[in-house]
Amino acid sequence: MQEGAQTISDRIQDKLDDLTRAERQLALSILENYPASGLGPLAALAKDAHVSVPTVARMVQKLGYKGYPDFQAELREELRAKARDPIAKHETWAEAAPSGHILNRFTDAVIENIRHTLGHIDAEAFDRACDLVADTDRHLYIVGGRVTHTLAEYLFLHMQVIRSALTHVQSTSNTWPHYLLNAQEGDVFVIFDVRRYENNTLKLAEIAHERGAEIILFTDQWRSPVHQLADITFSSRIVVPSAWDSAATTMLLIETMIAAVQGLDWKQAKERMEELEEMFDHTKLFRKFT
């Protein structure tokens with residue numbers, strides 16, 4: 001496998017929208033435990049994904065392979081290439097811990113998630129998203145869900161300092177329709193939605209889309225249904241050796257966006273920061289050591 005070539009995972013994600021329901025179910029099953037899920041017999045893969053053997057054969061052909069043997073051959077080549085990768089031979093991150101320690105295994109997974117995600121980020125789309133978020137002529141709505149509300153709050157807190165005209169909407173609140181009363185064409189919705197995708201979030205996105213708002217979506221590698229409505233979608237790899245998914249890659253994108261947006265109108269951001277600091281001094285909210 002040549003450096004920079006498309007992986008099977010890349011091909012699957014590129015084709016997700018073109019797959020049938022059963023094929024999409026199979027694709028998501030493969031991605032769930034990639035690449036180990038594709039190393040066994042065809043019948044075993046079909047059984048694990050709860051689809052038929054012909055469904056596996058059809059999807060493999062849609063990905064550009066003559067048959068399952070060719071699919072597996074490329075998958076094994078991916079694994080050999082990965083084994084040759086210097087990243088796979090690095091010294092342990094936590095040097096006092098064994099290489100198999102959770103600190104090192106988790107870090108390896110996060111770094112691989114970041115590398116894979118950044119490899120698929122469209123820089124022009126990211127710049128466009130930052131321009132939209134920075135545009136104070138557009139009201140900015142930031143939306144999080146049951147778990148992702150923490151990411152939404154983090155972005156909202158920083159945007160409060162950088163710009164005016166923004167609203168934090170929690171999609172898990174039963175009052176979220178109230179926020180949409182003022183939404184207008186051209187407004188911007190930044191929406192966070194990762195598996196398990198929330199019905200409230202999808203409905204909110206549908207109404208925002210109907211009102212002519214532009215939607216920026218932060219989601220995972222399987223992509224929330226909201227992506228079909230979104231103008232710009234950022235899909236982050238989130239799987240780590242844990243019962244919980246990782247938000248590390250998404251947080252990296254958020255913090256990069258914050259840095260970019262503050263730089264787009266630094267004069268305004270600086271003035272707002274200075275005004276906020278004066279308020280902090282006046283309220284004595286924080287201790288000072290000088």
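Guide: Buried means under 20% relative accessible area, exposed means over 50%, and partly exposed lies in between (1.4 Å probe, protein chains only). The model is predicted: local features need pLDDT of at least 70, side-chain atom pairs count only at pLDDT 80 or more, and totals for chains, interfaces and linings use all residues. Residues are numbered from 1 along each chain as its sequence is written, and side-chain values use heavy atoms, without hydrogens or water.

Visitor: Why is glutamate 214 called buried?

Guide: Its relative accessible area is 16%. The limit is under 20%, so glutamate 214 counts as buried.

Visitor: How do you know that glutamate 214 forms a salt bridge with arginine 138?

Guide: The closest N and O atoms are 3.2 Å apart. A salt bridge needs a side-chain nitrogen of Lys or Arg within 4 Å of a carboxyl oxygen of Asp or Glu, so the pair qualifies. Glutamate 214 sits in strand β4, arginine 138 in the loop between α7 and β1 (140–144), 76 residues apart. Helices (H or I, at least four residues) and strands (E, at least two) are DSSP runs, numbered from the N terminus. Both residues join Arg128 and Asp135 in a network of salt bridges.

Visitor: How many salt bridges does the rule give?

Guide: Twelve. One of them pairs arginine 223 with aspartate 17, at 3.6 Å between the closest N and O atoms.

Visitor: What makes arginine 223 and aspartate 17 a tie between separate parts?

Guide: Arginine 223 lies in the loop between β4 (214–220) and β5 (232–236), aspartate 17 in the loop between α1 (8–15) and α2, so the bridge joins parts 206 residues apart in sequence. Arginine 223 is buried at 16%. Aspartate 17, at 46%, is partly exposed.

Visitor: What separates glutamate 274 and lysine 270 along helix α12?

Guide: About one helical turn, because they are four residues apart in α12 (residues 266–283). Glutamate 274 is partly exposed at 42%, and lysine 270 is partly exposed at 37%.

Visitor: How do you know that α2 has close to its expected span?

Guide: Helix α2 (residues 21–32) has twelve residues and reaches 16 Å from first C-alpha to last, close to the expected 16 Å. The expected span is 1.5 Å times one less than the number of residues. Its buried residues are Ala22, Glu23, Leu26, Ala27, Ser29, Ile30 and Leu31.
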